[in-house]
Amino acid sequence: MTKQQQQIHSLEALFEPYTVHQLTIPNRIVMSPMARGFSPEGVPGEDVAAYYRRRAENGVGLVITEGMIDHPAATSEPRLASVFGEAALNGWREAVRQVHEAGGVIFPQLVHMGMMRPMGSQPYPDAPSIGPSGLDMQGNKVSEPMTEAEISQVIQSFADAAVNAQQVGFDGIELSGGHGFLIDQFFWEKTNQRSDRYGGDFLKRTRFAAEVVQAVRAAVGPDYPISIRLSQWKMVDYTAKLVDTPEQLEQFLSVLVEAGVDIFHISTRRFWEPEFAGSELGLAGWVKKLTGKTTITVGSIGMDSDPAEGGEADHQGLEELLERLNNGEFDLVAIGRALLGDPAWAKKIREGRMEEIQAFTPAAAAQLY
């Protein structure tokens, strides 16, 4: 087999179907959820539906969208799409129809910003931002800790949003549990200083997430896929850690598996970086090894450099990704910024048209195309 034939054979692993429960995803490429903010008053319009359709018809197997839950402090941006309300749900119904027509499957990522939301934000400036201990991401006290009644209300809002998603035809849902948003604020010691059943050591701090997953599972039934996105890092702290060892990670994940998680979407800044000393496995590889559950990797895929750190990025560096995918370190591969730069990224990769890929630049994030 020539080197070119080997590369084509290796590349085909990205385009094999994958099944979770009764859902078959046509290939291993996932569009990472990105908060686009092109939905006035939370209502996704025809342009949003067309935006997601373009990715599906160009070879993205699973599209994951933004999706704010129904809580006054869930978001700081009224143009982020909601997963509640008749107008928003009708907009999503059309987006789902178009993605399905293009051959893809689609999940919303259900989000509550928690203390990442600046106080006084629209669309409900009078609503206080909430978090497990009322602490901002630097550990400063901003508001009162969430009461158990508030916790129950938010859990119910996640479950209601999941039911809404199921009813408009989404193929599954994802919970935003990383990057410093509300669920992650319960995980993280710096923002969770509670002394009740929702706080304590790293294992006890999983309780809120587990109850969200349990509530969603009870609402959507046993066969509807539930994904959760997890990260060690936060938007305000790239060095943050929830766990320090594989043993801690296994305990942490086991709570979520027992609660009903089907898919772990593991966010790292660079997917190839080893997570723990003594092993080349990245965080996604460890999660797959420890749980056996469907695992998505994400982190600078298709990017040679990080525009946030200077310079443009292009499509190079797929060889290690394909090697790890073929070795079973993860099952699915999420692409974020590279798909903003070029909606046809997956199609061009498959057809060997690498030189035609449009590189991501920050300007790409400022438009919907």
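## Where α7 meets α8

Helices α7 and α8 cross in the right-handed sense (a crossing is right-handed if the near helix is turned clockwise from the far one by less than a right angle, and left-handed if anticlockwise). Helix α7 covers residues 246–259, and its axis runs 10 Å from that of α8 at an angle of about 65°. Those axes are lines fitted to C-alpha atoms over the stretch in contact, with angles from 0 to 180 degrees between N-to-C directions. Helices here are DSSP runs of H or I with at least four residues, strands are E runs of at least two, and both are numbered from the N terminus.

On the α7 side, the contact (heavy atoms within 4.5 Å) uses Pro246, Leu249, Glu250, Leu253 and Val257. Helix α8 answers with Leu283, Trp286, Val287, Leu290 and Thr291. Sorted by class, that makes 8 nonpolar, 1 polar and 1 charged residues. The classes work like this: Ala, Val, Leu, Ile, Met, Phe, Trp, Tyr, Cys and Pro are nonpolar, Asp, Glu, Lys and Arg are charged, and the others, Gly among them, are polar.

## Ground rules

All this comes from a predicted model, in which local features need pLDDT of at least 70 and side-chain atom pairs count only at pLDDT 80 or more, while totals for chains, interfaces and linings use all residues. Residues are numbered from 1 along each chain as its sequence is written, and side-chain values use heavy atoms, leaving out hydrogens and water.

## A closer look at α8

Which residues of α8 are buried? They are Leu283, Ala284, Gly285, Trp286, Val287 and Lys288, where buried means under 20% relative accessible area, exposed means over 50%, and partly exposed lies in between (1.4 Å probe, protein chains only). Those buried residues pack against α7 and also against the strands β8 (263–267) and β9 (294–298).

Leu290 sits in α8, which spans residues 283–291. Leu290 counts as partly exposed because its relative accessibility is 22%. Leaving aside residues up to four places away in sequence, Leu290 touches Pro246, Leu249, Glu250 and Leu253. Take Glu250: 40 residues separate it from Leu290 in sequence, yet the two C-alpha atoms are 5.9 Å apart.

## Rings and charges

The model has 9 aromatic pairs, counting rings of Phe, Tyr and Trp (its six-membered ring) whose centres lie within 6.5 Å; planes under 30 degrees apart are stacked, over 60 edge-to-face, and the rest tilted. One of them is the tilted pair of Tyr52 and Trp92, at 6.3 Å centre to centre and 35° between the planes. Tyr52 belongs to helix α2 (residues 46–57) and Trp92 to helix α3 (residues 86–101), so the pair, by these DSSP assignments, links parts of the chain 40 residues apart. Phe186 and Phe208 make a stacked pair, with 4.1 Å between centres and 15° between planes. Here the link runs from helix α5 (residues 182–187) to helix α6 (residues 207–220), with the two residues 22 apart. Phe186 is buried at a relative accessible area of 0%, and Phe208 is buried at 0% too.

Ring pairs also join Tyr51, Tyr52, Trp92 and Phe170 into a cluster. Then there are charges over rings (NZ of Lys or CZ of Arg within 6 Å of the ring centre and within 35 degrees of the ring normal). The charged end of Arg207 sits over Tyr198, 5.9 Å from the ring centre, and that of Arg269 over Tyr238, 3.6 Å from the centre.

Gly180 lies in the loop between β6 (173–176) and α5, and counts as buried because its relative accessibility is 0%. Beyond residues up to four places away in sequence, Gly180 touches Met113, Met116, Met137, Gln185 and Lys234.

Most residues other than glycine have a negative phi, and most peptide bonds are trans. His21, in the loop between β1 (18–20) and β2 (23–25), has a positive phi near 55° and is partly exposed at 35% relative accessibility. Glu41 also has a positive phi near 55°; this residue is in the loop between β3 (29–31) and α2 and is exposed, with a relative accessible area of 75%. The peptide bond from Gln122 to Pro123 is cis, with omega near 5°, and Pro123 falls in the loop between β5 (105–110) and α4 (148–168).
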